[in-house]
Structures are given as C-alpha cells and as structure tokens.
Amino acid sequence: MKDITVSDSILYIGADDRDIDLFESQYVVPNGVSYNSYVILDEKVAVMDTVDARRGEAWLKNLEQALAGRKVDYLVVSHMEPDHGANVQVLAEQYPEMKVVGNAKTFAMISQFFDIDLSGRSVVVKEGDTLSLGSHELTFVMAPMVHWPEVMVTYEKSEKILFSADGFGKFGALDTEEDWACEARRYYFNIVGKYGAQVQALLKKAAGLDIAMICPLHGPILKENLEYYIGKYNTWSSYQPEDEGILVAYASIHGNTRQAALKLKDILEAKGAKKVAITDLSRDDMAEAVEDAFRYDKMVLAAATYDGGIFPCMEDFLHHLKSKNFQKRTVALMENGSWAPMAAKNMKALLEQMKEITVCEKVVSIKSAVKEADVADMEALAEELLAK
C-alpha cells in the first residue's frame, strides 16, 4: 500500500482501481478511480466506509495491516452506493462485535443490498449526534441527496477533519498527477450536478466547522488551500459560470455541420471571444461536454436535422443537461437540413424546459453546405452572442 498520510492516528486504507473501463458504467476514467476508506485508531477503532467489491480484497489487507491485531469497534457508513458500501456485510461478518453507524435511511438501504441481521449492532444517528472514540469525537452531519438520500458526512473534532463522502471527490487514481479541478468538475456535474441546492445546504453547514483537512471517498485528501476547493463547489452548486467563454457543441452527420461549427468558432475568436471550446458530440466524451457546458457562460448548439428532429447525439446532450439542472446560461442555435431544417426549433423547445436560459434571437439555418449568406448570418449571430 502506498503511503497516503492523514495523521498518526487516522490511516488511509483505500485502493486504486486502474482496471475499470467505465465508472458507474457510463463515465470514461482514463486514469482510473480511487475508492477511499479510512480507519481511526483510538480507544475505540472506527472504519470510515468500505470500498467497491472490485478492490475488496486489497482493502481488507490494508485494514488488517493498519489494525496490527486490533479489532474494529465501529463501521461508519456515510454512503451506501456500491462503490463504497459493497463490503459492509463482509466486515460485519469478520468482526461480529462491531457496530454499524448510519442514519435511518442508511439501514433501510443496507437491508436492500444485503441479507444481514444487525439487531443490537445498529447505531442510528441523526443531525448533530456525536460518537466518542476516546480522544477523537465524531459529529454526524446529514447531507441528503448529495447525491443519494442517505448520505451523511462526518466531522472529527480533535484533528478538524471532514469526511466528506462523495463531496470534493474526483476521477483518477491517487497516483495520478493531474490538475484537480478538471476531473473534479467532470465528476461533480455528471454525478452531483442535479443537486446544487442540496450541496449549497451542506456548504452552509460546513461553514460552521473549523476544517483543516477534507477526506473524500474519491480522489486526493485535501490539506491546503481549502478555500479554493470550497469556492469551486460554491460556484458549481450555485450554477454560476466558472469561466467566461463559449462552448460550441456540434452534431454533424456528413461533416457540413462540423464545418459550420468550425467556421463559427473562427468568427467568434476573430471578434474577440476570450475562450472558445469545441466538442464533437458524436465522438467526444459526453461527460466532458456536460462539464464544459456548465463551465462557460455561453454555448452554441449546432445540429443537423434528423428524421424531422435533432441528430440523436445532440438530443442526448440536451437531455443530459436538463437532467443535471442546467441553467443561467446564454445559448445560440445553428441548424442544418437539406430540405426541411427543424433542429433549431426542437433544440429551443428542449432549452425552454430549463431554468434561466437566454436563447439568441438570431438563428443560423443552413441547407446542406455552408454558403456566403450563411457566413454572414454567422457573423450576425456571433455579434449578438458576444453582446449578451
């Protein structure tokens, strides 16, 4: 096990997973993912969450090494999703005197996942309840719908550590050297993004705690510049744009809509756009497209008409945005259709189902290939979009 230091009495016992193809069977994770778990060694021993079944054996070995012959007194379950709760029954059977700590919704889910009798072994906690381990005291803070209803976070008072469940997590194994924000942003908006109001509520609770370290269930332990990470979460969960810029997202069948999108990107940059990102919705990572839509303050949707509607990958993109509570953005539309362009009308109808979306009045409507008149329309659209 690599050396990942929390403190002398709180040890990391999690494991990296670099063999996984898709996290949650939908998210590409080129650098894998970590399943974090911790053990607090005091008069009483508490394990903070388990790990995915994929790394259960490695986790048990890490735990055994950390215990050095001691027994586990408590298992704190902050989140029952299988990438964290898969080994609850395994640990309960290995340590029959161990008590399991969770809230009422936690235990309802445990009974759904496992056939296990925890009679006399369940410690049901609610908001503000505490558990003393000796010199360490745990305070439980409910965080419902961040991003499951049973989620809670735990604050350890003596060392000022917040065990933040899925909050402040990111994709990527712990031995990966990469920028935190990029993969934390993609993780946040695709997994937690729908629940901004609930994250805001948790941030308000956290503001009343003296936090020196954040220990999430995925990604690195955060020890320095915590204001930066908390600030990012405040921006993301309030649905404010993080950066000034424009995402051009296109859905092209034979390449003509792609050429139009590239031309519009050039026009926007020539007119002074600070940042223009572009994504091919047919080929690029959908989760990254969702991330960039939330990152920037403006977006262009360029789609071919297909069966009288929208080319499917664009429709899929818009449904992803709606499901993640996309809002507070300015959007411009560009469509293509060889005989009956309908994409813009249908894209606008989907955007109207979202909150506080401003759609540019000018719409570029191309019939097949880009012509000079279309370029003039792109110029006008770019000017309107940049003026907003």
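Predicted model: local features only at pLDDT ≥ 70, side-chain atom pairs only at ≥ 80, totals over all residues.
**Exercise 1. Is Thr176 buried or exposed?**

Solution. 
- Step 1: get the accessibility. Thr176 has a relative accessible area of 15%.
- Step 2: apply the cut-off. Buried means under 20% relative accessible area, so Thr176 is buried.
- Step 3: Thr176 belongs to the loop between β14 (161-163) and α5 (180-192).
- Step 4: look for neighbours. Leaving out residues up to four places away in sequence, Thr176 touches Arg18 and Asn31.
- Step 5: check the polar side of things. The side chains of Thr176 and Arg18 make a polar contact at 2.7 Å.

**Exercise 2. Which parts of the chain does the Arg55 and Asp17 pair link?**

Task: describe this salt bridge and its surroundings.

Solution. 
- Step 1: Side chains of opposite charge can pair when their charged atoms come close.
- Step 2: check the distance. For Arg55 and Asp17, the N to O separation is 3.1 Å, and their side chains form a salt bridge.
- Step 3: find the two ends. Arg55 lies in the loop between β7 (45-48) and α1 (56-67), while Asp17 is in strand β2 (residues 15-17); they are 38 residues apart, so the pair links distant parts of the chain.
- Step 4: ask about burial. Arg55 and Asp17 are both buried.

**Exercise 3. How many residues apart are Glu269 and Lys265 in helix α8?**

Solution. 
- Step 1: take the helix pair. Glu269 and Lys265 form a salt bridge through their side chains, 2.7 Å from N to O.
- Step 2: count along the helix. They are 4 residues apart in α8, which means a separation of about one helical turn.
- Step 3: compare with the cut-off. Glu269 is partly exposed at 35% relative accessibility, whereas Lys265, at 18%, counts as buried.
- Step 4: Lys170 and Glu178 form a salt bridge, with their closest N and O atoms 2.7 Å apart. Lys170 is buried at 4% relative accessible area, and Glu178 is partly exposed at 29%.

**Exercise 4. What is the volume of the largest pocket, and which residues line the largest cavity nearest its centre?**

Task: describe the pocket, then do likewise for the cavity.

Solution. 
- Step 1: size up the pocket. The volume of the largest pocket is about 330 Å³. It has 17 lining residues, and Ile253, Ala304, Thr305, Gly337 and Ser338 are the closest to its centre.
- Step 2: trace the pocket lining. α8 (256-270) and β18 (296-306) each supply at least two residues, with β18 giving the largest share, 3 residues.
- Step 3: sort the pocket lining by class. There are 5 nonpolar, 11 polar and 1 charged residues.
- Step 4: move to the cavity. The count comes to 1 cavity of 30 Å³ or more, and the largest cavity has a volume of about 110 Å³. Its lining has 14 residues, with Leu162, Ser164, Phe168, Leu202 and Leu203 nearest the centre.
- Step 5: trace and sort the cavity lining. α6 (196-206) and α7 (226-237) each supply at least two residues, and α6 gives the most, 4 residues. By class there are 12 nonpolar, 2 polar and no charged residues.

Notes. Residues numbered from 1 in each chain as written. Heavy atoms only, no water. 1 Å grid on protein atoms, 1.4 Å probe; cavity = no way out; pocket = protein on both sides within 12 Å on 5 of 7 lines; lining within 4 Å. Points joined across faces, edges and corners; volume = space filled by probe spheres on them. Nonpolar A, V, L, I, M, F, W, Y, C, P; charged D, E, K, R; others polar. Salt bridge = Lys/Arg side-chain N within 4 Å of Asp/Glu carboxyl O. Buried < 20%, exposed > 50% of the residue type's maximum accessible area, 1.4 Å probe, protein only. Polar contact = N/O pair within 3.5 Å; in protein donor to acceptor, adjacent residues only side chain to side chain. Contact = heavy atoms within 4.5 Å.
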